[in-house]
Structures are given as structure tokens and as C-alpha cells.
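Here are some comments on the structure below. Please read each point with the model open beside the text.

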Amino acid sequence: MLSIAQQNSQRLSLLINDLLDMDKLIAGKMIFDLQAHALLPLLQEALRSNQAYAEQHQVSYCLQPGSELTASAKVDALRLQQVLANLLSNACKFSPAGATVELSLERRGEALRVSVRDHGEGIPTSFQARIFQKFSQADASSTRQKGGTGLGLAISKELIERMHGQIGFDSSAGQGACFWFELPGALPNGAP
């Protein structure tokens, strides 16, 4: 009983925090501290911070070789970690045990693309159009197996857009999913 109560209180806490974040974003009251940051160290930090979650799901992380070593973007580092935590945790939840979640960074013209790829079932075609909507979940039944509030991707979308970027995904049934976001690159000294 105590374990169930603790799990329910943790879920309630996550829901309240997500609702507060969404409310701040919609009201335009969330403050962003946009600074030029090298992205690679932020990606490495996200992997370290989310390692325990990956282990809990028997999944490993891999930072793909060839990542841009000096690529910088103007971001709010804390909010970027929030987006990365959401994408990495979703990839873990939807990956089979023993799978590897791949994180990569590449330059696409003037933009920098960060991708999180899983090797799960992929996103059902019928759900793809709603994936970034609030409270959207592919399994909306009361017996959902994956957990979550259905706000993480909606919040991630808002955060990336407030950092002047865009977010999207690629998925085919049975082929997993690749969530990505692109941010405008910045020079290391902070110039746009």
C-alpha cells in the first residue's frame, strides 16, 4: 500500500510540475536565459543525468561518433536539459530491453540538429498528427503501460520554439522513432 501511495504521489508531482510549466509557457511567464553554449557537453550531461532511468528500463545510451565537437547554439541550458530528459526518457520507455538509444548532433546548413533515436515499435500512423498536443498519448486507455502525463512533448515543443528552433520526428511502424530538434547555430563567443 505504501509503495502504491508513493508511486501515485510521484505521478501527481510530475503532473503538477508539467501543468505549471505548460501554464507558464502559455502565459509567456517562463523566463529564458539564452546564452551561447557548446552543445556536445550539454548532450553528455543529459546522458549522465538520465543514465539511471535507462538502467531501470534495461536500455543503454550511445552518443553517435562524428558529433560536432565545437558546435554552439543560443539556448537556455536548463530548459534544453528538460527537453533532452523528456526525449531520452521517452526513447527508453518505448525501447525493448537490451536496446540502445542513440543521441547525435549534426550540422544542417546554419542549423544544428540533435536527434534521439529508439528502436521500439515506432509511432502509430493514426497518432502521429497529435503527438505534440497536450495530454496526447498513443495508449490513452486507463491501463496505459508506459506512464507519463502526456505533456512532455508539448512542453518540449514550446521550449524549443522559444529558443528559436523547431522540433519533429520520423517514424515507421516497427522501425522505432527518431525525435529531433534543430536550433540556429551560434559562434562560440556568443555572436549569432
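Which pattern does the protein follow when it is read along the sequence? The pattern is α-β-α-α-β-β-α-β-β-α-α-β-β.

1. Basis of the note. This is a predicted model, in which local features need pLDDT of at least 70 and side-chain atom pairs count only at pLDDT 80 or more, while totals for chains, interfaces and linings use all residues. Residues are numbered from 1 along each chain as its sequence is written, and side-chain values use heavy atoms, with hydrogens and water left out.

2. Elements. The protein has six helices and seven strands. Both are DSSP runs numbered from the N terminus: helices are H or I with at least four residues, strands are E with at least two.

3. Burial and surface. Of the 192 residues, 41% are buried (buried means under 20% relative accessible area, exposed over 50%, partly exposed in between, with a 1.4 Å probe and protein chains only).

4. Contacts along the chain. A contact means heavy atoms within 4.5 Å. Taking contacts between residues at least 6 apart in sequence, 72% join residues at least 24 apart.

5. The largest nonpolar core. Such a core is a set of buried Ala, Val, Leu, Ile, Met, Phe, Trp, Tyr and Cys residues joined through side-chain atoms within 4.5 Å. The largest one has 41 residues, and Leu80, Phe179 and Phe181 touch the most other members. Elements that each supply at least two residues include helix H2 (39-49), helix H4 (77-93) and strand E7 (177-186). H4 gives the most, with seven residues. Aromatic rings. The structure holds three aromatic pairs (rings of Phe, Tyr and Trp, the last by its six-membered ring, pair if their centres lie within 6.5 Å; planes under 30 degrees apart count as stacked, over 60 as edge-to-face and the rest as tilted). Phe132 and Phe169 form a tilted pair, 6.1 Å centre to centre with 50° between the planes. Phe132 lies in the loop between helix H5 (125-128) and H6, and Phe169 in strand E6, so the pair ties together parts that are 37 residues apart in sequence. Phe132 and Phe169 are both buried. With Phe179 they form one aromatic cluster.

6. A charge over a ring. The charged end of Arg113 sits over the ring of Trp180, 3.8 Å from its centre. This label requires NZ of Lys or CZ of Arg to be within 6 Å of the ring centre and within 35 degrees of the ring normal.

7. Positive phi. Most residues other than glycine have a negative phi. Gln58 is not a glycine, yet its phi is positive, about 55°. Gln58 is in the loop between H3 and strand E2 (60-63), and is exposed at 54% relative accessibility. His164 is also not a glycine and has a positive phi of about 65°. His164 lies in the loop between H6 and E6 and is exposed, with a relative accessible area of 59%.

8. Cysteines. How many disulfides does a search of the whole structure find? The search finds zero, a disulfide being a pair of cysteine sulfur atoms within 2.5 Å. Cys92 is buried, at a relative accessible area of 0%, and Cys178 is buried at 5%.
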